[in-house]
Amino acid sequence: MNVLGIDEAGRGPAIGPLVMCGVLIEEDKERELINIGVKDSKLLQPKIRSMLVKEIQKIAKSIHLQIILPEEIDAALNHPSNDLNKLELQKSVNIILESKPDKVIMDCPSPNTKSYKSSVESSLGKFKTKIVAEHKADFNYSVVGAASIIAKVTRDKMIDDLKKKHGVDFGSGYASD
């Protein structure tokens, strides 16, 4: 059985993109992710995250990224019927349809996991798969932790490129720093 973990990095920053990642593995590879130290990216130092990316790439059947630039976020949020959850849902559906997994485990951005799961299922059209949408899925499932790591490392590199381009160290791109 192929399992897809989906997570994001960069939700709600003042600068930079939202990066969504899906990591597709064979279900029996989950133990390998645990053994190499995969967990929620927020629990790992940047150097460890970067090292883990190469190991995750060896284990994964495929990795799917969705880079959502600030212009796309702004355009979506300026539409009256959209919000960040809907944008993230749309990008998750893209990742699912690209991956064609038997099962999806996703870190749910919405407070209503049941409704979010239902929205994902209805957005998939004819494609059917088992969906698990939970809060803290990046902490509870190593395949989602792997997606968290790749999304975070990808976003951090993009932020570093922006800092170099503009010659300003603005931190992580969040208003908090």
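The views below show a predicted model.

**View 1. The loop between S5 and H6, with Lys136.** Lys136 is found in the loop that joins S5 to helix H6 (137-140). Its phi is positive, about 65°, although Lys136 is not a glycine. Lys136 has a relative accessible area of 57% and is therefore classed as exposed, the cut-off for that class being over 50%.

**View 2. The loop between H4 and S4, with Lys100.** Lys100 is located in the loop between H4 and strand S4 (103-107). Its backbone also carries a positive phi, near 55°, in a residue other than glycine. The relative accessibility of Lys100 is 46%, so this residue counts as partly exposed.

**View 3. The open five-stranded sheet.** Five strands make up an open sheet, arranged in the order S3-S2-S1-S4-S5, and their pairing is mixed.

**View 4. The pairing of S2 with S3.** Strand S2, which spans residues 18-26, pairs with S3 in the antiparallel sense, and seven bridges connect the two. Within this view, Cys21 stands opposite Leu65 of S3.

**View 5. The packing of H3 against H4.** Helix H3 (residues 70-77) packs on helix H4 (residues 84-99) at an angle of about 120°, and the two axes lie 9 Å apart. The crossing of H3 past H4 is right-handed. On the H3 side the contact is made by Glu72, Ile73, Ala76 and Leu77, and on the H4 side by Leu84, Leu87 and Lys91. Sorted by class, the residues of this contact comprise five nonpolar, no polar and two charged.

**View 6. The packing of H4 against H5.** H4 and helix H5 (residues 113-123) pack at an angle of about 50°, with a separation of 10 Å between their axes. H4 is accordingly oblique to H5, and H4 passes H5 in a right-handed crossing. H4 contributes Asn85, Glu88, Leu89, Ser92, Val93 and Ile96 to the contact, while H5 contributes Tyr116, Ser119, Val120 and Ser123. The contact of H4 with H5 contains five nonpolar residues, four polar residues and one charged residue.

**View 7. Asp160 and Phe170.** Asp160 belongs to helix H7, which covers residues 142-166. With a relative accessibility of 36%, Asp160 counts as partly exposed. Phe170 is ten residues from Asp160 along the chain, and the C-alpha atoms of the two residues are separated by 9.6 Å.

Key
Residues numbered from 1 in each chain as written. Predicted model: local features only at pLDDT ≥ 70, side-chain atom pairs only at ≥ 80, totals over all residues. Heavy atoms only, no water. Pairing = 2+ DSSP bridges. Helix = DSSP H or I, 4+ residues; strand = E, 2+ residues; numbered from the N terminus. Axes fitted to C-alpha atoms, helices over the stretch in contact; angles between N-to-C directions. Left-handed = near helix turned anticlockwise from the far one by under 90°. Contact = heavy atoms within 4.5 Å. Nonpolar A, V, L, I, M, F, W, Y, C, P; charged D, E, K, R; others polar. Buried < 20%, exposed > 50% of the residue type's maximum accessible area, 1.4 Å probe, protein only. Parallel < 35°, antiparallel > 145°, perpendicular 65-115°, else oblique.
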